[in-house]
Amino acid sequence: AGSGIVTLFTPATVSATASPLAAPTFVRWAVDKSEFVDRPFIVVFFFDGAATNVRVVSASGEVVLRIPIAGSGVFGGESCMVRARSGGPTANATWILLDNASFERFMRDAGTYRVQVESLGRTVTLPLTDTGCRPR
């Protein structure tokens, strides 16, 4: 499969009569390579539900990463963005580019991290689950 446009997250709109959208119930992560020399790694986060802000926090509550909510992007068929989506629940996705030091810290401590997700006026804290997907 070649490159394609992947819709990662469609920002939610809520009307006065609509039921509130559900907060995420899971966050899974994977790793891709980027083309940027100074930030060679992409950590991809998959989640369900509506999210307006995503933070990775340490066991002590320190904010380790602030993850922007992405719109769409172009990812090849060999990327974890594509491969991990087919391996389990991955309703929405976003990502962050990391430099070597930040990536090494993330990989070393990922098993101890949690994710705080703001979702339309409420915040949920969830475990951060590794998909096991890495660049080929």
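Ala59 sits in the loop between β4 and β5; helices (H or I, at least four residues) and strands (E, at least two) are DSSP runs, numbered from the N terminus. The model is a predicted one, in which local features need pLDDT of at least 70 and side-chain atom pairs count only at pLDDT 80 or more, while totals for chains, interfaces and linings use all residues. Numbering starts from 1 along each chain as its sequence is written, and side-chain values use heavy atoms, with hydrogens and water left out.

With a relative accessibility of 73%, Ala59 counts as exposed. The cut-offs are under 20% relative accessible area for buried, over 50% for exposed, and partly exposed in between (1.4 Å probe, protein chains only). Ser58 lies in the loop between β4 and β5 as well, but Ser58 counts as buried, at 12% relative accessibility. Leaving out residues up to four places away in sequence, Ser58 touches Val64, Thr112 and Tyr113; contact means heavy atoms within 4.5 Å.

**The chain as a whole**

The protein chain has two helices and nine strands. Read from the N terminus, the order is β-β-β-β-β-β-α-β-α-β-β. The chain has 136 residues, and 42% of them count as buried. Among contacts with a separation of 6 or more, 72% are between residues 24 or more positions apart. The accessible surface is about 7100 Å², and carbon and sulfur atoms hold 54% of it. Accessible areas come from the Shrake-Rupley method with a 1.4 Å probe, and for residues only the protein chains shown count as cover.

**The sheet**

An open sheet is formed by seven strands in the order β5-β4-β8-β9-β2-β3-β7, with mixed pairing. Two strands pair if DSSP finds at least two bridges between them. β5 and β7 are the edge strands, each pairing on one side only. On average, neighbouring strands of this sheet are turned by 30 degrees against each other, direction ignored. Axes here are lines fitted to C-alpha atoms, for helices over the stretch in contact, and angles run from 0 to 180 degrees between N-to-C directions.

What covers β2, and how does β2 pair? Six of the seven residues of β2 are buried, which leaves the strand mostly covered. β2 pairs with β3 in the antiparallel sense over seven bridges, and Ala30 stands opposite Val44 in β3. The pairing of β2 with β9 is parallel, over three bridges; there the bridge partner of Trp29 is Asp130 in β9. β3 also pairs with β7, in the antiparallel sense over seven bridges, and Ile42 has Leu97 in β7 as its bridge partner.

In a regular strand the side chains alternate between the two faces of the sheet.

**The cores**

A nonpolar core is a set of buried Ala, Val, Leu, Ile, Met, Phe, Trp, Tyr and Cys residues joined through side-chain atoms within 4.5 Å. The largest one has 23 residues, and Phe45, Phe106 and Leu128 have the most contacts inside it. Two or more residues each come from β2 (27-33), β3 (41-47), β4 (53-57), β5 (63-67), β7 (92-98), α2 (100-109), β8 (114-119) and β9 (122-130). The most come from β3, which gives four residues.

Leaving aside neighbours within four places in sequence, Phe106 is in contact with Trp29, Val43, Phe45, Leu65, Leu98, Tyr113 and Leu128. Another core, of 12 residues, lies apart from the largest one and includes Ile42, Met81, Ala84 and Trp95. The helix α2 lies across β2, β3, β5, β7 and β9, and runs at about 45 degrees to β3.

**The disulfide**

A disulfide is a covalent bond between the sulfur atoms of two cysteines; the criterion used is a pair of cysteine sulfur atoms within 2.5 Å. One disulfide is found in a search of the whole structure. This disulfide joins Cys80 to Cys133, with an S to S distance of 2.1 Å. Cys80 lies in helix α1 (residues 80-83) and Cys133 in the segment after β9, so the pair ties together parts that are 53 residues apart in sequence. The torsion about the S-S bond of Cys80 and Cys133 is about -95 degrees, so the disulfide is left-handed. Cys80 is buried, with a relative accessible area of 0%, and Cys133 is buried too, at 8%.
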